[in-house]
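Here's a walk through the fold, from the sheet out to a few single residues. Have the viewer open as you read.

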Amino acid sequence: MIKKQNLNNINITTKIIIGFAIVTASVIISISISHSNSNKIIKSGYWISHTHEVLTQLGNIEALLVNLETGQRGYLITGKQEYLEPFLNSKKIIHKELKSIRDLTSDNVKQTIRIDSLKVTVDKKIEELNLTIDLRKNVGFEAAKEIVDNDSGKLFMDKIRIQIAEIKQEELYLLGIRSQQPEQIKRSNFLLLIALFGFTTIIIIIVSLYLYYSINKPIYYIREGLEHVGNGNLNFKFNIQSKNEFGMLARFIESVLQELNETIVSKNELEDEIIRRKKIETDLNKIKTKLETRNKELEQFSYISSHDLQEPLNIILSFSEILMKEKNKMSCTGQKSIDVIAENTYRMRDLIKDVLEYSKIGKKTKETEIDVEKLIDDVLKTDLKDLINKKQASIKYIGEPFKIKGHRYDLIKLFQNLIINGIKYTEEKILPEITINSVEQADNYKFSVSDNGIGIEESHFGKIFKIFQRLHSHDQFPGTGIGLSYCKKVLELHNGTIWLTSKVGSGSTFHFTISK
């Protein structure tokens with residue numbers, strides 16, 4: 001009971017901050033665990049690829065040894081120089097292959113020793129092949145055949161095959177171990193995400209309900225009390241015992257009502273009563289003003305809470321989408337769980353968006369007529385002037401002159417983000433060159449912003465428009481990862497779309513439309 005009373009005495013702002021802190025901590029833990037597991041999967045994938053590369057190199061060496069023997073035998077039988085081509089070509093590159101595979105296995109001491117031993121045996125085999133070829137060339141077929149008949153070459157090849165088999169066996173053993181690691185990490189990551197999603201959802205529900213009751217319940221009691229007072233019940237007591245803002249407001253009203261109730265109605269005192277009532281009326285108006293101010297603050301709190309609660313849900317949704325790509329590799333229970341996660345996340349996000357939209361009713365900015373050429377000129381000569389001069393950037397607008405209807409501030413931010421990206425994502429030794437184009441179409445206005453920057457891989461085209469999604473570390477290119485998602489949102493506000501064409505190393509072009 002004492003603990004409950006202490007909680008009621010905490011002011012509303014502190015309660016909201018505590019609730020956000022709990023949700024944020026849960027999301028940070030989710031991100032940290034997923035990031036750690038993702039790094040482990042990437043590392044496992046590297047070692048699997050590394051093992052396959054070693055096995056491929058061994059196959060190449062075996063093929064080269066076959067070519068060596070094939071060339072030797074052809075020459076020994078025919079004595080024709082052209083039959084030596086496979087031998088000579090393979091002899092040139094086999095040592096490069098051996099060096100390459102030794103570099104690949106430098107992390108494994110056992111394999112390095114085996115490969116060094118294999119190289120010695122291969123050198124002896126090549127020496128034996130060279131001897132038979134020289135004898136065939138300088139003495140004759142019988143002399144070379146005598147060397148072949150003593151089976152020394154066969155013994156070398158048998159030893160080489162055994163050595164290669166030992167190396168392969170070690171790599172296959174490592175491959176078996178490494179192939180299991182990604183699935184184990186994915187399974188554990190999946191279970192952790194489910195647990196953290198459930199925990200975060202419960203926390204969000206608890207915080208939302210707690211804030212709802214902490215704010216709406218006192219407001220209900222105050223409104224109900226004022227209705228009783230309005231009906232003439234000056235003895236009404238507000239059922240609010242907390243020491244926060246609502247408790248102080250309730251006690252203030254009760255004190256005013258008590259003063260009113262103690263007034264003695266008489267002819268001589270009536271005038272004083274009238275004066276006092278006017279004062280009370282003034283106080284009540286102040287109370288009303290305070291209540292209106294408090295309601296506005298509460299609406300702002302609602303807006304902030306609805307906005308900030310979307311972030312953890314979007315992060316959970318992103319991880320859910322990653323898991324959806326692996327859906328076919330999971331069990332039926334896992335697939336159902338993924339579907340449940342995605343469905344409930346979308347539902348919660350939509351719910352919060354609806355609350356956010358509700359809080360914006362009557363508050364949206366009006367559209368105005370905007371001269372596009374003047375707007376871009378203002379951006380270049382005012383907002384981005386210092387950055388353009390510092391980077392010695394060349395920016396040209398070659399579009400058609402026309403006017404559009406839209407939200408000026410948001411469109412300024414749109415062009416700022418695209419131009420800043422074009423400047424920022426350019427190699428240091430290259431001066432940025434940005435071209436802005438526009439054309440009027442039947443149903444919309446189409447714009448493009450082209451740069452000579454580093455470019456973007458096609459596989460990342462969809463990713464860059466998602467909030468907080470970055471392709472580079474903060475050390476490489478500083479930023480928040482919000483710019484392009486902001487652009488997309490602005491264009492959605494104007495019933496438009498945005499997309500891009502790009503090639504790594506050759507720059508990017510962002511295209512977007514604004515509805516007429």
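Start with the open sheet: 5 strands in the order 2-4-5-7-6, with mixed pairing. At its edges sit strand 2 (394–397) and strand 6 (498–502), each of which pairs on one side only. On average, neighbouring strands of this sheet are turned by 15 degrees against each other, ignoring direction. Keep in mind that this is a predicted model.

Now look at strand 2. Strand 4 (residues 433–440) runs parallel to strand 2, and 4 bridges join the two.

Helix 10 (residues 372–383) touches strand 2, strand 4 and strand 5 (444–451), and its direction makes about 170 degrees with that of strand 2. Helix 13 (residues 483–493) touches strand 6 and strand 7 (508–515); the angle between the directions of helix 13 and strand 7 is about 25 degrees.

## The nonpolar cores

Which residues touch the most other members of the largest nonpolar core? They are Ile395, Ile419, Ile436, Phe510 and Phe512, out of 38 residues in that core. Two or more residues come from each of helix 10, strand 2, helix 12 (408–424), strand 4, strand 5, helix 13, strand 6 and strand 7. Helix 12 gives the most, with 7 residues.

## Aromatic pairs

How many aromatic pairs does a search of the whole structure find? It turns up 6. In one of them, the rings of Phe402 and Tyr445 have planes at 20 degrees and centres 4.7 Å apart, so this pair is stacked. The two partners come from distant parts of the chain, 43 residues apart: Phe402 is in the loop between strand 2 and strand 3 (403–406), while Tyr445 is in strand 5. Are Phe402 and Tyr445 buried or exposed? Both are buried.

Phe415 and Phe447 make an edge-to-face pair, with 5.9 Å centre to centre and 75 degrees between the planes. This pair also links distant parts of the chain, as Phe415 belongs to helix 12 and Phe447 to strand 5, 32 residues apart. Phe415 and Phe447 are buried as well. Put together, Phe402, Phe415, Tyr445, Phe447 and Phe512 form one aromatic cluster. There's a charged neighbour here too: Lys516 lies over the face of Tyr445, at 5.5 Å from the ring centre.

Gln57 is in helix 2 (residues 12–78). Why does Gln57 count as buried? Its relative accessible area is 9%, and the cut-off for buried is under 20%. Not counting residues up to four places away in sequence, Gln57 touches Glu97, Ser100, Ile101 and Leu104.

Asn417 sits in helix 12. With a relative accessibility of 18%, Asn417 counts as buried. Beyond neighbours within four places in sequence, Asn417 is in contact with Gly483, Tyr486 and Cys487.

Lys466 is found in the loop between strand 5 and helix 13. At 41% relative accessibility, Lys466 counts as partly exposed. Asn314 is 152 residues from Lys466 in sequence, yet their C-alpha atoms are 9.6 Å apart in space.

## The whole chain

Zooming out, the protein chain has 13 helices and 7 strands. Of its 516 residues, 38% are buried. Take the contacts between residues at least 6 apart in sequence: 72% of them join residues at least 24 apart.

Methods. Residues numbered from 1 in each chain as written. Predicted model: local features only at pLDDT ≥ 70, side-chain atom pairs only at ≥ 80, totals over all residues. Heavy atoms only, no water. Pairing = 2+ DSSP bridges. Helix = DSSP H or I, 4+ residues; strand = E, 2+ residues; numbered from the N terminus. Axes fitted to C-alpha atoms, helices over the stretch in contact; angles between N-to-C directions. Contact = heavy atoms within 4.5 Å. Core = buried A, V, L, I, M, F, W, Y, C linked by side-chain atoms within 4.5 Å. Buried < 20%, exposed > 50% of the residue type's maximum accessible area, 1.4 Å probe, protein only. Phe/Tyr/Trp six-rings, centres within 6.5 Å; stacked < 30°, edge-to-face > 60°. Lys NZ or Arg CZ within 6 Å of the ring centre and 35° of its normal.
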